[in-house]
Amino acid sequence: MYCTLSASLGRRTVAQNARVLQRASTVLRLGGKRRAAGRSSQLRAANLALKEDATELEPREVMEYDVVIVGGGPAGLAAAIRLKQQAAKEDQEINVIVVEKGGEIGAHTLSGACIETGPLEELFPDWKQQGAPLNQPALHDHMKLLTEKHALPIPHPPQMSNEGNYIVSLSNVVKWLGEKAEELGVDVFPGTAASQVLYAADGSVQGIVTNDAGVDKEFKPKSTFTPGIELHGKVTLFAEGCHGSLTKGLIRKLKLRDEDKFQTYGLGIKEVWEVEPEKHDPGSVVHTMGYPLDYQTYGGGFIYHMEDNKVSLGLVVGLDYQNPYLSPYKEFQRFKTHPFVANLLKGGRVLSYGARALVEGGLQSIPKLFFPGGALIGDTAGFVNVPKIKGTHNAMKSGILAADSAYKAIVTEGKGEGGPIVLADYEEAFKNSSIYKELYQVRNVRPSFHSPLGMWGGMVWSGLDTMFFKGRMPFTFQHPHPDHAMLQPAAMHTPIDYPKPDNELTFDILTSVSRTGTGHAENQPVHLRLKDDSVEIKKNLPEYAGPEQRFCPAGVYEYVDDEARPGQKRFQINSQNCIHCKTCDIKDPSQNINWVVPEGGDGPQYVDT
């Protein structure tokens, strides 16, 4: 059972709300644990009578906090922990809430991952003694250029060195961070999706609204209807991860990014395998370029040997690819058939599967980080260092920087009562931080792959820039177009004949989706919204050969025979398969698909990812 903040709470002070939450009888699942959430005579069930007109529903209830954090990933939890640590150090009070759409903390977290520990050590210098799940040090690095049959060793840039790093399941690390946040007094609420941004009369951000529960497919309240509540914060930190559903609207509305600037993305597809003990090489970190992708498609593979005979492997495909017949999922299946990879996997078994979009734009794609009432942190802002193939350390560091700025404004300076808080010093701290320094040095690497020489030109420039220039050139390359605009008409390309799965190394897409634990409540509004339900059939199918059925790594979209119109196709959305990767919202050439949050707790339930 998932319980969320959608239970109605009366308007009261933060201190009263904290006491309410402590006295709870409603059970919440937090980071794999269960604890009681508050209830009093003023906390009542919000089971309203079914009403045909949603406007008849009573006003939403309100909870007041000092800091509201949207997203329980590395950035959001790092910010929450830092705020509470600062308050404890100075014997002060600051009330912090984290809302997370995943059913558990870590349930929607997926990464490679080989992480740097610097920001973790800032928060917990004794993280080893406290039992943080970083168990396998990275011991040696390898870079391979894959041809169809061979794996050729090539030098790797100095940024890709993993000495001192750890190979982890990021979902497990995030669960641990969630537990630590709770121990410090943060109100952590998984299974709670933030569905809209609240704006004050002066245009500043006032907080968020949690998603309504118990709404049917026709957007009408069911007998189980529970309205979402308003969470007001002196500061709201958006830590939604890549292409956040609220952040994308926030950036547009508040014009946080110049019109000629934009983010660019990749799609990472990953499996965790248990391999035969004699093939396991604990601490080995392998990155690949080349096969199965052609020289015009940016991307590469990774193979990380974790503890306990587990191997994390995957393929990242730049979503600026041009060929509408390309299927990132099927390219990943081909990756596993390469002799270098297949020899490792044979005799093993798949434990889990997942996919997610990731930011690749670099420094030139980062929007303005603050606005009246809040700030952007982590992947939702875009701090991934693509040449380093890392972003967790920067996400956590940005959370720490934003937390310090918010704490100073709320506690030290006592702001927040006479007008919106503006965290301008957060952006200044970012520009003076390790994040900015490393992103500036590699800012020209990712866009260099847009030259007519594709992968080869990018490799040459990247080698020169990372080893010799180190970002000192007096210019900055720009990305040519948004990812959706890079897709070319199908008439310019030949269909790709992908091999059928062998069910030993390669699998059909629905078998893989079954390994994600994905589930969505029935009879709720489809969370993949079409702005115009005729566009796919009128434009995307004839012009781009229906790319949705190929770019989605979960089999959500299909073009099927239309029984009502023999000989015609209709566009079908299997929203129950969605693993929340956001690729459709990014890559749809018509920009007709809008990804919004489903009911809280829905989506994948990732394990060891």
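Predicted model: local features only at pLDDT ≥ 70, side-chain atom pairs only at ≥ 80, totals over all residues.
Figure 1. The ring centres are 6.1 Å apart and the planes meet at 50 degrees, so the pair is tilted. Phe238 belongs to strand E17 (residues 230–238) and Phe371 to strand E23 (residues 370–371), so the pair ties together parts that are 133 residues apart in sequence. A search of the whole structure gives 14 aromatic pairs.

Figure 2. Which residues are in contact with Phe238, leaving aside its neighbours within four places in sequence? They are Val70, Val197, Val205, Ile208, Leu246, Thr247, Leu250, Phe371, Ala375, Leu376, Ile377 and Thr380.

**Figure 3. Tyr436 and Tyr440 in helix H10.** Here two tyrosines share helix H10 (residues 434–441), where they lie 4 residues apart, about one turn of the helix. An α-helix has 3.6 residues a turn, so residues three or four places apart point the same way. The rings of Tyr436 and Tyr440 have centres 6.1 Å apart and planes at 15 degrees; with that angle under 30 degrees, the pair is stacked. Tyr436 is partly exposed, at 27% relative accessibility, and Tyr440 is also partly exposed, at 35%. Together with Phe383 and Phe430, these two tyrosines form one aromatic cluster.

**Figure 4. Two arginines placed over aromatic rings.** In one panel, the charged end of Arg446 sits over the ring of Tyr298, 3.8 Å from the ring centre. In the other, Arg515 has its charged end over the ring of Phe507, 4.3 Å from the centre.

**Figure 5. Helix H14 and its buried face.** Look along helix H14 (residues 535–544) and you will find Val535, Glu536, Asn540 and Tyr544 buried. Seen down the helix axis, these buried residues fall within an arc of 75 degrees, so they line one face of H14. Lys538 and Pro542, on the other side of H14, are exposed. What covers the buried residues of H14? The cover includes helix H15 (548–551) along with strands E25 (528–530), E26 (557–561), E27 (569–573) and E28 (593–595).

**Figure 6. Helix H4, largely enclosed.** Helix H4 (residues 170–183) has 14 residues, which at 1.5 Å a residue should span 20 Å; the C-alpha atoms at its ends are 20 Å apart, which agrees. Of those 14 residues, 11 are buried, so H4 is largely enclosed by the rest of the structure. The buried residues include Leu170, Val173, Val174, Trp176 and Leu177. Lys175, Lys180 and Glu182 are also among the buried residues of H4. Following the helix is Gly185, which has a positive phi near 100 degrees.

**Figure 7. Two cis peptide bonds in loops.** Gly112 and Ala113 are joined by a cis peptide bond, with omega about -10 degrees. Ala113 sits in the loop between strand E6 (96–99) and strand E7 (114–115). A cis bond also runs from Tyr291 to Pro292, where omega is near 10 degrees. Pro292 is found in the loop between strand E19 (284–290) and strand E20 (299–305).

Figure 8. Asn503 has a phi near 60 degrees, a positive value in a residue other than glycine. The loop that holds Asn503 lies between helix H12 (483–486) and helix H13 (509–513). Is Asn503 buried or exposed? At 54% relative accessibility, Asn503 counts as exposed. For Gln591, phi is positive too, near 50 degrees. Gln591 is in the loop between helix H16 (583–587) and strand E28, and with 27% relative accessibility Gln591 counts as partly exposed.

Key
Residues numbered from 1 in each chain as written. Heavy atoms only, no water. Contact = heavy atoms within 4.5 Å. Phe/Tyr/Trp six-rings, centres within 6.5 Å; stacked < 30°, edge-to-face > 60°. Buried < 20%, exposed > 50% of the residue type's maximum accessible area, 1.4 Å probe, protein only. Lys NZ or Arg CZ within 6 Å of the ring centre and 35° of its normal. Arc of directions from axis to C-beta. Expected span 1.5 Å × (residues − 1).
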